[in-house]
Amino acid sequence: MQAAQAAQAPRVPQEPFAGRRRRRHASLALVAGAVLALGSVAPASADEQETDALWIAAPYDLVLPTADAQGDAVGNTVEVKLGHDNTNNAITGGKLTVDATELANVADVTWPSDCAPGADALTATCDFGALNTGPYETVAEIGLRAKAGAPADTTGTIHFTADADSSFGPLTGYPTDTQVRLGDGPDLGVNQVPYRTGVAPGSDIAQAIRLSNHGNRTADRTLLTLFASHGLDFAQRFGNCTYLEDDATTHQTGTTAVCVLDKPVAPGQQYDLSAAGAVRATGAALYERFDYSVDQYSDEAYEQAVAGRPFVQGTGADLVPAAVPAARTLSATAAEPDLNAEDNYRSTLINADNKADLIALANDITGVAPGDTVTARVGVKNRGPAWVASLGAGAPAAAIDVTIPQGTTVTGAPDSCYERGTNQYTCQSPIFMWEKDRSTFDFTLRVDRVVEGGAKGSVATVNDNPELRISAFDPQLANNTAKFTVSGS
């Protein structure tokens, strides 16, 4: 089981759920600003040198199960990832340095093949290659297993540093630590499935999700929670799952499923949950998100997950986890807290090869006289076929630059608009726009004078947002601008 995806670096995956307890989800209601993918920075101007930063992503902490009386212990893995801010910069390779000397009396360390251990076997230098396939890329998976005889609550810290070669020159990552502690209890977790790109609308998507227990106690029942964003449909509706439907009226940006799995998960046991991860890309699919997490079942955990919302029972056969061989039972079932809540939750992005036609909106205002107060309504419409959502970076689905006509003064601007110059504003939509949806902004204008022939204003979508480039999905950029007039006739 891989260690936590959450890490000690800015802009790493955030949990898009409300009502966490011990960092666990109680619901899968997506919120604005949830960050999954590391975004690129805007290109520098001609007289400004571009910069970049290297980030090390590792678990904040990790709890290893203590060994049994025979000295046997279930191991776990510290997954170390690297990312950087500027996609214009090519990272060609580098070295990760790991110092685990504080674990001498805590855990035995197993190094991967790309790490060269030092003489004490508790330090190592790990080579990595180019970083160009995802927002954060795994560069080392370090195996840990509690030392025989080491008692619960024994602790130690692993220290990470990294240096990389890049087209901008050498980069040094900010040092990161992972605290390791020994404990007793189950340790449920799920693996990270890969990001998907180029998915065709209407196609089926398989996701090999596995449930593991790396603790030293059995989890009797499991609560599995899933979220598929608006452009995805679950392939099956299982009888032991309840579903909260995707609904524009209540701003549910996808479908949430809460499932109760009755299979006990023994220490070292793995179960295949691929059936739960099977989804289909709909005609609305573009930038999609799939979230999945596990926890020990309790009535309290279930009530927190559904949170009083109108979930509906599935009508299909039950979701039955498929056992993966090689369980190692070290102890009996016990009602203990999960040792590592960090790896209970995962999220992935699924990008479809689809289009969404955004259109700038503006209406002429006529028959005005000096001293009048009028409303200029401007905005942007999504003609589809895809919806547009920034469920990873949390950026506006669309932004527009607005030029206010001469001879008028803005006396009221929407909260989602900010002034960027004299009579110049930028307005931002929510992080999603449904297909056939529109986002509008009302400006209150005082007419100071009537311009002969009409005073001209304009609206234009912002096409260079590095988090969500309209040019990447909009097939008709010509209709992304509109003009309007304020006139006396």
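In this predicted model, Val 380 faces Ser 439 of strand β34 across the sheet pairing, and Val 380, which lies in β27, also stands opposite Ala 360. These positions belong to an open sheet of 4 strands, whose order is β26-β27-β34-β30 and whose pairing is antiparallel. The edges of this sheet are formed by β26, residues 356-362, and by β30, residues 408-412, each of which pairs on one side only. Direction ignored, neighbouring strands of the sheet are turned by 30 degrees against each other on average.

Strands of a sheet are held in pairs by backbone hydrogen bonds, and the pairing may be parallel or antiparallel. The pairs in this sheet are listed below.

| Strand pair | Sense | Bridges |
|---|---|---|
| β26 and β27 | antiparallel | 6 bridges |
| β27 and β34 | antiparallel | 9 bridges |
| β30 and β34 | antiparallel | 4 bridges |

Strand β27 covers residues 373-385, while strand β34 covers residues 438-447. On the other side of β34, where β30 is joined to it by 4 bridges, Thr 409 stands opposite Arg 446 of β34.

Strand β34 also has two faces that can be told apart residue by residue: the covered face carries Ser 439, Phe 441, Phe 443, Leu 445 and Val 447, whereas the uncovered face carries Arg 438, Thr 440, Asp 442, Thr 444 and Arg 446.

Key: Residues numbered from 1 in each chain as written. Predicted model: local features only at pLDDT ≥ 70, side-chain atom pairs only at ≥ 80, totals over all residues. Heavy atoms only, no water. Pairing = 2+ DSSP bridges. Axes fitted to C-alpha atoms, helices over the stretch in contact; angles between N-to-C directions. Buried < 20%, exposed > 50% of the residue type's maximum accessible area, 1.4 Å probe, protein only.
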